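Please open the model in your viewer and keep the selection panel at hand.

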Amino acid sequence: MNEPFCGSTYAARVLAGRVRHFVGHDIVPHEPALAGGGARAAALLARLSARARRAGLWGMYYPAELGGRVGSLRDYLLVAEQEGASEYGPAIFGSDVALDVHMLHRHGHAELRQRVLEPLAAGRVVCAYGMSEPDSAGSVPATLRTCARREQDQWRIDGRKWFVCRGGNADFVTVVARTRDGGPVGQSLSLLLVPATSAGYRIEREQPVFGRLQGQCELVLEAVRVPDAHLLGQAHCGHVLIRERLLLGRVLHAGHWLGLAERCYGLMCRRIASARGRLVWLADKQLTRLKVFECYSAIVSARALLVLAAGRLDRGLVADIDVNVAKVAASRAVSLVSDAAIQIYGAEGVSDQTPLSGIYRTARATHIMDGADEALISAVGKRLLETFADDGQMDFSRTGPDLTPLPAGG
């Protein structure tokens with residue numbers, strides 16, 4: 001059972017230290033077995049997750065009444081980096097479903113919260129999120145075809161979703177569906193929670209990602225019916241929830257990606273300083289030093305941007321630009337550092353003898369996950385140009401850095 005809630009930055013740092021120790025001693029030695037996949041890996045992951053719960057390290061960014069330990073997103077980033085140092089950390093610590101927990105807690109009906117939220121927070125059920133579709137333009141809401149129609153006190157859902165993370169073992173899936181024809185997209189989408197046991201619901205296929213099966217699935221919904229209470233928020237207002245989910249999710253995921261970047265940075269520097277590295281004077285080569293400098297700079301810069309974005313979300317301020325810039329920076333950081341570490345390791349780096357090859361695959365996927373980099377960069381560039389007034393001065397009241405002084409001790 002989790003220990004009592006602690007709301008200070010110091011407490012988050014202490015918690016982060018405990019997570020770091022758990023990852024190093026309880027997860028990292030088992031990574032080769034976890035990477036093997038299959039029933040044995042799933043059973044091992046479940047045992048490690050149970051061990052994390054006993055250690056009070058489960059669901060640390062859940063709401064306090066559901067066992068959460070960290071009060072602010074800004075403080076949680078300290079913990080998130082340590083959770084993310086292993087590819088398997090977020091699942092073992094329950095943080096991979098923190099986004100679903102928060103969305104259900106904020107927008108689920110009382111019946112839904114009682115039926116799903118408490119088991120989800122306790123780790124007894126698994127939730128997934130279905131937005132992207134095979135016949136749409138990525139995850140652009142205006143192109144979604146999955147539809148839901150109200151029939152008495154139920155919703156009938158028809159459509160397909162694919163690349164649904166955790167779709168292979170999900171008990172419930174939050175489905176984005178078009179609930180009104182015509183009109184702007186902002187008034188036509190809704191979010192509905194669909195039980196995997198529903199008639200008409202099926203897993204069409206599991207979709208490998210860079211050759212690895214990681215639970216990504218294509219789902220088919222044919223005349224699936226769910227009760228009205230399974231609607232999240234208000235009907236036809238799903239765009240507001242989608243935006244909220246994306247902003248929070250990008251920060252949560254980027255925090256974990258920085259953990260992977262830090263892990264690769266440590267592996268790289270230790271190899272440079274090792275006996276094998278000294279054989280070829282790696283530390284004396286200028287290009288090696290350049291890699292170390294660039295990797296360090298990328299990690300520190302992305303971390304600072306994430307702290308800025310998290311602080312704005314904590315304060316309830318407009319944070320689109322800050323979050324999107326931080327997401328792209330974190331994605332670039334983990335890609336740069338994993339690639340540099342592989343280059344330093346040579347042939348060993350591209351093998352499965354180190355965690356680098358798996359992290360590299362994850363790093364490449366981050367440029368697409370939670371919104372493609374190109375789409376975010378284009379949107380941010382447009383918004384930045386719009387923030388300039390006629391006199392050429394940036395209007396910080398609309399967006400940009402939060403210049404409010406932090407409270408003492410913050």
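Begin by selecting α4 and α8, which pack at an angle of about 40° with their axes 6 Å apart. Axes here are lines fitted to C-alpha atoms, for helices over the stretch in contact, and angles run from 0 to 180 degrees between N-to-C directions. Helices (H or I, at least four residues) are DSSP runs, numbered from the N terminus. The two helices α4 and α8 are therefore oblique to each other; angles under 35 degrees count as roughly parallel, over 145 as roughly antiparallel, 65 to 115 as roughly perpendicular and the rest as oblique. Their crossing is right-handed, a crossing being right-handed if the near helix is turned clockwise from the far one by less than a right angle, and left-handed if anticlockwise.

Next, display the side chains at this contact (heavy atoms within 4.5 Å). On α4, select L73, Y76, L77, A80, E81 and E83; on α8, select L248, V251, L252, G255, H256, L258 and G259. The contact of α4 with α8 comprises 8 nonpolar, 3 polar and 2 charged residues. Ala, Val, Leu, Ile, Met, Phe, Trp, Tyr, Cys and Pro count as nonpolar, Asp, Glu, Lys and Arg as charged, and the others, Gly among them, as polar.

The model is predicted: local features need pLDDT of at least 70, side-chain atom pairs count only at pLDDT 80 or more, and totals for chains, interfaces and linings use all residues. Residues are numbered from 1 along each chain as its sequence is written, and side-chain values use heavy atoms, with hydrogens and water left out.

Select T9, A12, R13, L15, A16, V19, R20 and V23 in α1, which meet D75, L78, V79, Q82 and E83 in α4. This contact of α1 with α4 divides into 7 nonpolar, 2 polar and 4 charged residues.

Finally, turn to the second largest pocket, where R20, A85, E262, R263 and R270 lie nearest the centre among 14 lining residues. A pocket is an open set of points on a 1 Å grid over the protein atoms alone, where a 1.4 Å probe fits, with protein on both sides within 12 Å along at least five of seven lines; lining residues have an atom within 4 Å of a point. Its space is about 350 Å³, a volume being the space filled by probe spheres set on the points, which are joined across faces, edges and corners. The largest share of the lining, 6 residues, comes from α8. By class, the lining of this pocket holds 4 nonpolar, 4 polar and 6 charged residues.
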